[in-house]
Amino acid sequence: MTTTSTQPTPARTRTPHEAPDALTSVVPIIPGFHPDPSVCRVGDDYYLANSSFEYAPGVPLWHSRDLLTWTLVGNILDRPDQFPAGHAPSSRGVFAPTLRHHDGRFWLITTDVSDRPGQLVVSAEDPAGPWTAPTFLGGLHGIDPDLAWDDDGTCYVTYCATDPDGVGIAQARVDLESGAVLETPRRLWSGTGLAHPEAPHLYRRGAYWYLLVAEGGTERGHSVSIARADRPDGPYVGAPANPVLSHRSTTHPVQNTGHADLVDSADGSWAVVYLGVRPRGVTPMFHVNGRETFLAGIDWVDYWPVVDEDRYLRPVPDTSYTDTFDGGELHPRWASPGTGLPEIAEAQPGGGLRLRPGDGPRGAVGALTARTLDHAWRFEADLDLGHGSGALLLRLDDAHWCEVRADAGLVRAVVRIGPLESHLGATVTPTGSSLTLRAEALGPTTDGPDDVRLSVVVDGTEHELTRFDGRYLSTEVAGGFTGRVVGLRALDGTVDVSEVRYTQFTRDSTE
Ligand code: 6LW
């Protein structure tokens, strides 16, 4: 057996430009690539949805009773008529949704920016589904649609217009049942003048209608601003303290804060969910887990919202899991960027999973993947390669990924960064072995956000294949709106997976 040896991890020292570690200060309520949160309340129950871009099933749906602890209920767009798997390129597909409960039904509106005929609306009585086939609202050209109803039941769609009149927040009354847009869209308030006014949400509180927007772009300048009016259609006047939330030009460990949604509680208090990232490494700093969902408190002062970021601080929750694929159904954490999961991954009646190869219509990889959730983690899978070959994949997008490929007695690491693809390390394994493939994100040994390490365990002995600077699988390098996912795919034949383990490493763990 030939192998590259495992290197000991040097101790980590913070570089001068690196922000304080976020592990015990501000942590997301929904970690990992879960951006553009939209939240609503029904009685004592809160529900939250995220954008999901090229991944199918799309739009993760979460439930909570306390706003801090969230359980993944399912994915709202889980059928091909709602979102066809593999049709969207990286960071296209399903953009920001709005989730609302009105008149006994849950409503979700979003934009599939990959050639769908308008704003996509689905509804359900039970948030766990089934959700209806989509209705498409034509003629509203833009993204980030919001739903709001006035007292007489008139429904308003407020959205970020991207039509020839230029970018800005627009609004029209609609008939959700028929998909009819009932008037020519009007322009509302479009922020304080920062770039990219977007992500509008409309609320009624007391005598005022409030229009919340994001502006400044979804990068370091990201901000949240608000305006109010006497009527849903304006005219809107901005808050004197805008932006009401932003971490721009600060050393706060959570950056890019924006794209927010407000929610009230049964006791009359208010909170805000928003997206943020946790960049690390030297300037310009790199985030790898995508845009995550955070929570803050809201106080109302002079009929304007004031964000209280200290209301919900807490320790890092345990995110580790083991999946043995029992029960014949896949956990909703799994999604594929290419071919739909039903064609490539089958949970076996007695437990375990069978994988088959299959790339999506545009060539995107068909793989069973889940979002990475932490700064440091290990993901490993026990594979039986008796009838095929397979890979463990860590992916940011089509052009930024790495994987451990295991076939015919050879295990090797392949890394793709932009147009460059390299084979970085290999180990010969006894034919027919049961193997454990492993990927890890560990403390950085260079100036990047972390190190990515790929290895294989054969007969209880670990063989490192490669370890490299994780910035090459970061959004600052790859661009786009998503974050890392990790998972498995078959390359040839069938591959049986008995168990998958995701282990969160904390500062106390051996990184
Ligand atoms: C989304 C826009 C944004 O539609 O990024 O951060 C876009 N905000 O509102 C994609 O998530």
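Which strands each supply at least two residues of the shell around the ligand? In this predicted model, the strands that do so are β9, which runs over residues 142-149, and β14, which runs over residues 198-205.

**View 1. The shell of residues around the ligand.** The ligand is surrounded by 14 residues, and the closest of them are Asp36, Asp144, Thr218, His259 and Arg291. Sorted by class, this shell is made up of seven nonpolar, three polar and four charged residues. Strands β9 and β14 each contribute at least two residues to the shell.

**View 2. Polar side chains facing oxygen atoms of the ligand.** In the side chain of Asp36, an N or O atom is found 2.4 Å from an oxygen atom of the ligand, while for Thr218 a polar side-chain atom lies 2.7 Å from a ligand oxygen atom. The side chain of His222 also has an N or O atom at 3.5 Å from an oxygen atom of the ligand. When the ligand is taken alone it exposes 290 Å², and the protein buries 99% of that area.

View 3. The size of an interface is often given as the accessible area that is lost when the parts come together. Between domain 1 and domain 2 the buried area is about 1600 Å², and carbon and sulfur atoms give 56% of it.

**View 4. Val307 and the residues it touches.** Val307 belongs to strand β22, which covers residues 304-308. Leaving aside residues up to four places away in sequence, Val307 touches Val244, Leu245, Val272, Ala296, Gly297 and Ile298. With Leu245, Val307 forms a pair that is 62 residues apart in sequence, although the distance in space is 6.7 Å from C-alpha to C-alpha.

View 5. The peptide bond from Gly129 to Pro130 is cis, with omega near 5°, and Pro130 sits in the loop between β7 (119-124) and β8 (135-137). Another cis peptide bond joins Gly234 and Pro235, with omega about 5°, and Pro235 is placed in the loop between β16 (223-229) and β17 (237-238). His196, in the loop between β13 (186-187) and β14, has a phi near 50°, which is a positive value in a residue other than glycine.

Conventions
Residues are numbered from 1 along each chain as its sequence is written. This is a predicted model: local features need pLDDT of at least 70, side-chain atom pairs count only at pLDDT 80 or more; totals for chains, interfaces and linings use all residues. Side-chain values use heavy atoms; hydrogens and water are left out. A residue is near a molecule or strand if one of its heavy atoms lies within 4 Å of it. A polar contact is a pair of N or O atoms within 3.5 Å; within protein, one must be able to donate a hydrogen and the other to accept it, and residues adjacent in sequence count only if both atoms are side-chain atoms. Accessible areas come from the Shrake-Rupley method with a 1.4 Å probe; for residues, only the protein chains shown count as cover. Helices (H or I, at least four residues) and strands (E, at least two) are DSSP runs, numbered from the N terminus. Ala, Val, Leu, Ile, Met, Phe, Trp, Tyr, Cys and Pro count as nonpolar, Asp, Glu, Lys and Arg as charged, and the others, Gly among them, as polar. Buried area is the accessible area (1.4 Å probe) that two parts lose on being put together, summed over both. Contact means heavy atoms within 4.5 Å.
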